[in-house]
Amino acid sequence: MTAPGYFGRPVVKPPVWTWEVPLYFFVGGMAGMAAVVAAAAYLAAADPGLVRAAVWLAVGGSAVSTVLLVMDLGRPARFLNMLRVFKWRSPMSVGAWTLSAFGAHAGAAALLLEWIGPAAPPAEVVPFLRVLLWLALAGAAVYGAVLATYTGVLIGATVIPAWFSRHRGLPLHFGAAGLGSAAAALVLLGFDEPALVALGAAAAAVETGFGAWIEARRHGAADRALREGRSGWMLRSSGALAGPAALVLWLAGAAPWAAGVFLAGALLGRYGWMEAGRASGRDPEATFAAQQGG
């Protein structure tokens with residue numbers, strides 16, 4: 001039984017985001033880290049097909065993310081209004097600007113790849129186009145890394161007890177989930193490079209460590225939504241899938257299975273964090289415990 005709030009009502013307002021936002025977290029994280037993979041693969045002179053696939057995964061993810069964000073805001077004008085002024089202290093403003101810059105750089109990289117490759121431009125302009133391509137890939141990678149991690153900052157910088165109690169680890173957690181999802185998606189697209197397997201295993205190892213940290217460092221009522229009820233079941237299940245289960249499969253050489261398990265865990269985890277936010281926001285005792293330091 002939780003302690004009563006003010007006149008029987010919650011102390012803080014639970015998040016009102018709908019299904020589009022957790023899916024945006026998942027797709028945006030995967031797209032952002034796909035750009036990081038693309039830039040690294042290009043720099044390492046890896047398979048051009050892998051670079052192209054990673055870039056187009058980033059482009060597709062940025063388009064889907066924009067649609068999801070607009071759907072959550074209600075109409076396109078609200079998204080455009082967020083781009084009128086850059087507010088560096090506002091995670092939502094930073095996110096809108098980052099998504100726009102990311103999409104522009106990823107789109108430019110995709111077009112340049114297609115021009116340099118199948119279109120076969122005149123030889124004298126190829127070096128210049130390659131410089132532009134590298135700049136576009138580098139920009140997409142930087143903005144992509146921000147896109148994949150700022151969502152952890154976004155929910156951590158709130159008064160929701162379960163979210164705020166883990167604000168230091170959430171950016172790393174969301175970034176690892178995005179990186180592992182990008183590697184997993186590329187593996188399922190038919191690329192079996194050892195570097196992708198290593199990235200997938202590394203992301204699963206980080207997820208395993210993050211889950212262990214949550215279990216080992218509990219904050220009592222403040223973060224019990226991460227362990228109890230529907231949200232606790234979702235987060236523990238997602239942690240097991242994206243963490244130990246995927247890690248064992250990556251190390252065992254079952255890359256396609258590991259990729260599928262990791263993607264399922266990462267997607268479930270984004271919805272699990274949203275559900276934990278709702279449960280924690282409705283729990284007055286969690287708010288009081290967070291104010292008292294756990």
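Of the contacts in this protein with a separation of 6 or more, 76% are between residues 24 or more positions apart, a contact being heavy atoms within 4.5 Å. The model is a predicted one, in which local features need pLDDT of at least 70 and side-chain atom pairs count only at pLDDT 80 or more, while totals for chains, interfaces and linings use all residues. Residues are numbered from 1 along each chain as its sequence is written, and side-chain values use heavy atoms, with hydrogens and water left out.

On confidence, the mean pLDDT is 88, with 87% of the residues at 70 or more, pLDDT being the predictor's confidence in each residue, from 0 to 100. The protein has eleven helices and zero strands, where helices (H or I, at least four residues) and strands (E, at least two) are DSSP runs, numbered from the N terminus.

Let me turn to burial. Of the 294 residues, 49% are buried, where buried means under 20% relative accessible area, exposed over 50%, and partly exposed in between, with a 1.4 Å probe and protein chains only.

Ala 276 is found in helix α10, and it counts as buried because its relative accessibility is 0%. Leaving aside neighbours within four places in sequence, Ala 276 is in contact with Ala 162, Trp 163, Ala 225, Leu 226, Ser 231 and Leu 235. Ala 276 and Ile 160, which are 116 residues apart in sequence, have their C-alpha atoms 9.3 Å apart in space. Ala 45, by contrast, lies in the loop between α1 (20-43) and α2 (48-73), and counts as exposed because its relative accessibility is 67%. The phi of Ala 45 is near 55 degrees, a positive value in a residue other than glycine.

Finally, the second largest pocket. A pocket here is an open set of points on a 1 Å grid over the protein atoms alone, where a 1.4 Å probe fits, with protein on both sides within 12 Å along at least five of seven lines, and lining residues have an atom within 4 Å of a point. The second largest pocket is lined by 18 residues, with Gly 211, Ile 214, Leu 235, Ser 238 and Gly 239 nearest its centre. Helices α8 (194-216), α9 (229-251) and α10 (255-281) each supply at least two residues of that lining, and α9 gives the largest share, six residues.
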